[in-house]
Amino acid sequence: MARLVILLSCLLGLSFSVRAQAPAAASAVSDRDYPGVISLAVDATDVSRRIYRVRERIPVQPGPLKLWYPQWIPGNHAATGPINQFAGLSISGNGQRIEWRRDPLDVYAFHLQVPMGVAALDVEFQSLSPTADDQGRVAMTTELMSVQWSRLLLYPAGYDARRLRFEPSLRLPEGWQFGSALETAGTDGGVNRFQTLALVDLVDSPVYAGRYFKRFDLDPGAAIPVRLNVIADAPELLDAKPEILAAHRALVKQADLVFGPRPFAHYDFLLALSDQFSGIGLEHHQSSENGTFPGYLTGEAPFTDNYLLPHEYTHSWNGKFMRPALLWTPHYNTPMQNDLLWVYEGQTEFWAWVLAARAGLYTPQQAQEVLAASAALFDHRAGRGWRSLQDTVYQGIVDFNDAPQAWESWQRGYDFYDEGTLVWLDVDTKLRELSGGKRSLDDFARGFFGGGTGRIETRTYAVDDVVGALQTVQPHDWAAFLRQRVDGHGPGAPMEGLARAGWKLVYNEQPNAAIAEAEGDQEFDDFSYSLGLKIASADGKVDAVLWNSPAYLAGLAKDMVVVAVSGMAYDADRLKRAITAAKTTESAIELLVRQGDAYRTLRVEYRQGLRYPHLQRIAGTPDRLSQLLAPRK
């Protein structure tokens with residue numbers, strides 16, 4: 001207890017100097033307010049056909065005008081505005097049609113000439129939500145929906161998003177309820193009206209609505225409230241188990257102890273529990289969008305998804321209040337630069353894992369299994385040999401259509417998330433080692449991401465600010481330390497932090513609980529750390545092959561179908577028995593595979609048996625991992 005008191009005293013006493021000024025608008029953007037308020041009315045009642053119908057009234061002056069559809073959406077890290085779902089654009093003034101043309105070099109821009117005598121444009125269009133997953137993220141069903149305002153508006157070019165004012169309203173199906181960080185202004189004839197606000201705040205304040213809705217207060221009596229707003233496919237999915245609700249309330253408390261004052265006036269988790277609505281995790285300053293398994297509140301969902309709400313909640317501090325300078329832009333049609341996503345997302349993923357453990361969303365053993373699975377993943381990531389972690393921050397732009405990769409272990413993907421956990425574990429344990437246990441990443445987080453005033457503001461930072469803040473916590477050559485890990489290469493994962501934490505990665509035949517959860521959820525059989533492949537449980541289709549693994553060397557590739565194992569029809573248990581038997585024989589494992597219309601037998605030379613990753617204590621070393629994951633008081 002005495003040590004905890006000392007630690008808390010240290011946390012409260014630290015402060016850092018960062019670039020706290022509001023970002024300046026780009027020179028090409030007007031420094032004046034847009035003249036007038038834009039009315040935005042959305043009709044979201046056509047749920048069976050999944051169509052949002054939009055009407056805007058935009059004050060204008062005669063002359064040329066360019067309207068933009070939002071392209072660069074904060075938190076997406078790429079130009080993902082779904083212009084392909086935009087249709088039916090009609091523009092008129094004083095009741096007369098006004099022709100428009102799309103910019104040939106910028107398909108998100110629409111040009112028109114406002115006639116003399118026209119003081120306002122009437123704009124109509126539809127946003128056509130996908131009716132199936134193969135068209136994109138399903139965001140509207142007959143039971144629930146999300147309303148992302150960035151998909152549902154056009155805005156005049158040449159103005160800062162903070163200087164464009166909108167007056168939004170939303171019509172929902174009869175009887176539906178909703179949650180949002182928006183401030184309401186009343187209901188008229190079934191239309192929900194919201195208070196007038198800046199475009200930047202509107203885009204940052206989505207709505208979740210549904211036929212079945214429930215709100216939970218996660219910090220009763222707090223001056224700055226935090227609420228959990230849940231929509232679901234069925235009413236029984238809203239019956240939260242007391243222990244699960246208690247863990248979410250503990251999450252709020254533990255986040256306060258890490259980061260300090262809340263950087264918002266109120267916060268609304270928006271949570272969809274559905275097997276029809278596509279999964280999502282997207283941060284906002286005063287809310288977050290979360291979509292996960294139907295049984296999440298009833299304790300029937302995989303525990304591996306319990307990091308989702310901690311991750312998005314952490315972003316209110318790391319990403320929204322404190323943001324990398326090059327990720328801030330004056331509006332939604334200026335490209336964002338992702339250079340510090342290993343801080344923005346990587347450290348957020350680290351805190352999501354830590355907070356899930358401290359709040360009780362993970363048991364200590366589950367937290368260890370999650371870390372072991374992540375460490376093993378990157379220890380077998382052959383692509384680390386040619387592609388640095390720094391380069392992966394551009395993955396969202398490189399992989400603009402989000403198509404599956406044929407060779408993910410070699411190509412690499414969004415590794416700045418989970419590999420970032422290993423990097424920041426390395427930082428945390430180094431701080432603990434250098435300070436004799438007196439300092440940790442908690443001290444950095446409270447000083448660097450703290451300082452919120454209970455209202456929305458954004459402060460920006462560069463990598464030098466991160467280095468300087470770490471130097472304030474504990475002197476060290478942090479610039480070289482971070483660059484080595486962010487710009488370095490393999491072979492193997494960055495394991496120094498794990499070893500310094502007093503643990504090591506080992507493999508045995510006992511399944512890893514986190515991997516087993518993923519197998520059940522995604523319906524595949526995972527032989528990544530033995531043969532080096534994953535296989536779909538239902539049809540034997542190869543989901544992934546690790547580069548240079550035994551399966552790779554035998555000639556297997558993604559999307560082949562494993563038809564048979566040693567002459568018998570494929571199933572996971574048969575392949576497990578064959579892998580085990582190969583330990584004591586000289587025979588290769590024979591797989592009959594189909595690729596297109598061609599069949600052939602491939603021989604996999606492998607003798608080491610089933611292998612699953614786990615953590616094991618290093619005898620005689622401090623257990624800094626348990627210290628890190630223990631709840632704060």
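**Figure 1. R607 is partly exposed, with a relative accessibility of 31%.** Here buried denotes a relative accessible area under 20%, exposed denotes over 50%, and partly exposed lies in between, computed with a 1.4 Å probe on protein chains only. The model is predicted: local features need pLDDT of at least 70 and side-chain atom pairs count only at pLDDT 80 or more, whereas totals for chains, interfaces and linings use all residues. Residues are numbered from 1 along each chain as its sequence is written, and side-chain values use heavy atoms, with hydrogens and water left out. R607 forms a salt bridge with E605, the closest N and O atoms being 3.1 Å apart; the term requires a side-chain nitrogen of Lys or Arg within 4 Å of a carboxyl oxygen of Asp or Glu. E605 is also partly exposed, at 49% relative accessible area. Elsewhere, salt bridges with shared partners link R381, R384, E408, R412, D415 and E419 into one network.

**Figure 2. R381 and D415 are joined by a salt bridge, with N and O 3.0 Å apart.** R381 belongs to the loop between α7 (364–379) and α8 (389–392) and D415 to helix α11 (residues 415–434), so the pair ties together parts that are 34 residues apart in sequence. Helices (H or I, at least four residues) and strands (E, at least two) are DSSP runs numbered from the N terminus. Both R381 and D415 are buried. The structure holds 34 salt bridges in total.

**Figure 3. Within helix α11, D428 and R432 are 4 residues apart and thus separated by about one helical turn.** Their side chains form a salt bridge in which the closest N and O atoms are 2.7 Å apart. D428 is buried, with a relative accessible area of 0%; R432 is likewise buried, with a value of 7%.

**Figure 4. R624 is a buried residue without a salt bridge.** This arginine lies in helix α19 (residues 624–629). The nearest side chain of opposite charge, E433, is 4.7 Å away; in this assignment Lys and Arg are positive and Asp and Glu negative, while His and the chain ends are not counted. A polar atom of the R624 side chain lies 2.8 Å from the backbone oxygen of R500. Such a polar contact is a pair of N or O atoms within 3.5 Å; within protein, one must be able to donate a hydrogen and the other to accept it, and residues adjacent in sequence count only if both atoms are side-chain atoms. Apart from neighbours within four places in sequence, R624 is in contact (heavy atoms within 4.5 Å) with T429, R432, E433, R500 and A501.

**Figure 5. H489 is located in the loop between α14 (478–487) and α15 (496–500).** The residue is partly exposed, at 43% relative accessible area. The H489 side chain reaches the backbone oxygen of R384 at 3.2 Å. Not counting residues up to four places away in sequence, H489 touches R384, G385, W386, R387 and S388.

**Figure 6. Helix α3 (residues 242–259) comprises 18 residues.** The helix reaches 26 Å from its first C-alpha to its last, close to the 26 Å expected at 1.5 Å a residue, where the expected span is 1.5 Å times one less than the number of residues. Among its buried residues are L245, H248, L251, Q254 and F259. Elements covering the buried residues include β17 (213–217), β18 (226–232), α6 (346–359) and α12 (441–448). G260, with a positive phi near 90°, follows the helix.

**Figure 7. Strand β28 (residues 561–565) is largely enclosed by the rest of the structure, because 4 of its 5 residues are buried.** Strands pair if DSSP finds at least two bridges between them. β28 pairs in the antiparallel sense with β30 (residues 589–595) over 4 bridges, and V562 has V593 as its bridge partner in β30. The pairing of β28 with β29 (residues 568–569) is antiparallel over 2 bridges, with A564 partnered by A569. β28 and β29 form a hairpin with 2 residues between them, and S566 in the turn has a positive phi of about 50°.

**Figure 8. An open sheet of 4 strands runs in the order β6-β7-β3-β10, with antiparallel pairing.** Antiparallel strands β3 (residues 63–68) and β7 (residues 106–114) are joined by 6 bridges. P64 stands opposite Q113 in β7.
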